[in-house]
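Here is a short tour for anyone who likes to know how each number was defined. Please keep the viewer open while you read.

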Amino acid sequence: MNKMIVLLSLVFCVASATAETPAMRQAIDGTHRSAENKARDAYRHPEQTLSFFDVDESMTVVEIWPGAGWYTEILAPYLKNKGKLYAAHFSKDAKVPYFQKTLQAFVDKMRQQPEVYGKVELTVLQPPEAVEIAPEGSVDRVLTFRNVHNWIKAGQADAVFAAMYKALKPGGVLGVVEHRSLPGAAIETQVQSGYVDESHVIELAEKAGFKLLDRSEINANPKDAKDHPAGVWTLPPTLRLNEKDRAKYLTIGESDRMTLKFVKP
């Protein structure tokens, strides 16, 4: 009898584990995603990245500064039925025109496809005025993709990491993907180039109370020498130099990125 119980338990565990992958795969392969966005999967590795952060479809998740919604396209349908997604975006009262324009485009996108985005709850992250990204201690995962360099440049990194810590439950996980500089890069270099020293990100997180749980090379790109004339924006998708050396930068691909997993004790 005991052996039978163990066997059934193992079968149940395997079935549960395999059931998660098709749900995420369905979200990634969804027809609501453009061919252009899907092409970036080769650099952003969404399935492996979200799996590394242990994102389950039944969780409450905050996506920080989702921009145009590249990751929202995956997280919204994945979490729609069993979980909850907060999108902590710019403020509609932001003084920077880019913030206002990006927020409006994101809102329009959600309104155009309510069957995909209808359950996403929009919150505001605009330090120092607005840092309440979700109810305190209510969130299983907070995820941020290529945003830390912006907070460092604006002098907002401490406030944002504190806000993410506050929203998470004890035992909750913060997942960070960020352009990675050469070790020991000066802060001025990080600000100008968009590439951030991995040790600096860890320092910011630990200052807020987080503990480093794990790191991954899922989003590494060894072709990226990080010495480009227009910083990280030299590479795709921005290609700031337009046609100059375009083939070269397309061959390199998107930036080398750290992938860090922190826990709130």
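## Contacts and overall shape

Of the contacts in the protein between residues at least 6 apart in sequence, 74% link residues at least 24 apart, where a contact means heavy atoms within 4.5 Å. The model is a predicted one: local features need pLDDT of at least 70 and side-chain atom pairs count only at pLDDT 80 or more, while totals for chains, interfaces and linings use all residues. Residues are numbered from 1 along each chain as its sequence is written, and side-chain values use heavy atoms, with hydrogens and water left out.

The protein holds twelve helices and seven strands; these are DSSP runs numbered from the N terminus, with helices being H or I of at least four residues and strands E of at least two. Along the principal axes, the C-alpha trace spans about 70 × 40 × 40 Å.

## Surface and burial

The accessible surface of the protein is about 13,100 Å², and 56% of that belongs to carbon and sulfur atoms. Areas come from the Shrake-Rupley method with a 1.4 Å probe, and for residues only the protein chains shown count as cover. Of the 265 residues, 52% count as buried. Buried means under 20% relative accessible area, exposed means over 50%, and partly exposed is in between (1.4 Å probe, protein chains only).

## The largest pocket

The largest pocket contains about 1,200 Å³ of space. On a 1 Å grid over the protein atoms alone, a pocket is an open set of points where a 1.4 Å probe fits, with protein on both sides within 12 Å along at least five of seven lines; lining residues have an atom within 4 Å of a point. Grid points are joined across faces, edges and corners, and the volume is the space filled by probe spheres set on the points.

Its lining counts 44 residues, and Gly67, Tyr98, Arg146, Asn147 and Asn150 lie nearest the centre. Helix 2 (35–39), strand 1 (60–64), helix 6 (97–112) and helix 8 (148–154) each contribute at least two lining residues. By class there are 19 nonpolar, 13 polar and twelve charged residues. Here Ala, Val, Leu, Ile, Met, Phe, Trp, Tyr, Cys and Pro count as nonpolar, Asp, Glu, Lys and Arg as charged, and the others, Gly among them, as polar.

## The second largest pocket

The second largest pocket has about 240 Å³ of volume. Among its lining residues are Ala23, His32, Glu57, Tyr78, Lys80 and Val116. Helix 1 (2–28), helix 5 (72–79) and helix 7 (114–117) each supply at least two residues, and helix 1 gives the most, with three. The lining divides into five nonpolar, three polar and four charged residues.

## Helix 11 and its surroundings

In helix 11 (residues 198–208), the buried residues are Glu198, His200, Val201, Ile202, Leu204, Ala205 and Ala208. These pack against helix 8, helix 9 (157–167), strand 5 (168–179), helix 10, strand 6 (211–216) and strand 7 (257–263). Just after helix 11 comes Gly209, with a positive phi of about 115°.

Gln192 sits in helix 10 (residues 187–193). Gln192 counts as exposed because its relative accessibility is 64%.

## Backbone details in the loops

The loop between strand 3 (121–124) and strand 4 (139–145) contains Pro128, and the peptide bond from Pro127 to Pro128 is cis, with omega near 0°. Gly137 is in the loop between strand 3 and strand 4, and touches Lys166, Ala167, Leu168 and Lys169, leaving aside residues up to four places away in sequence.

In the loop between strand 6 and helix 12 (246–252) lies Pro237, joined to Pro236 by a cis peptide bond with omega about 10°. Asn242 is placed in the loop between strand 6 and helix 12, and its phi is near 60°, a positive value in a residue other than glycine. Asn242 counts as exposed because its relative accessibility is 51%.

Is Trp65 buried or exposed? With 7% relative accessibility, Trp65 counts as buried. Trp65 is in the loop between strand 1 and helix 5, and has a positive phi of about 45° although it is not a glycine.
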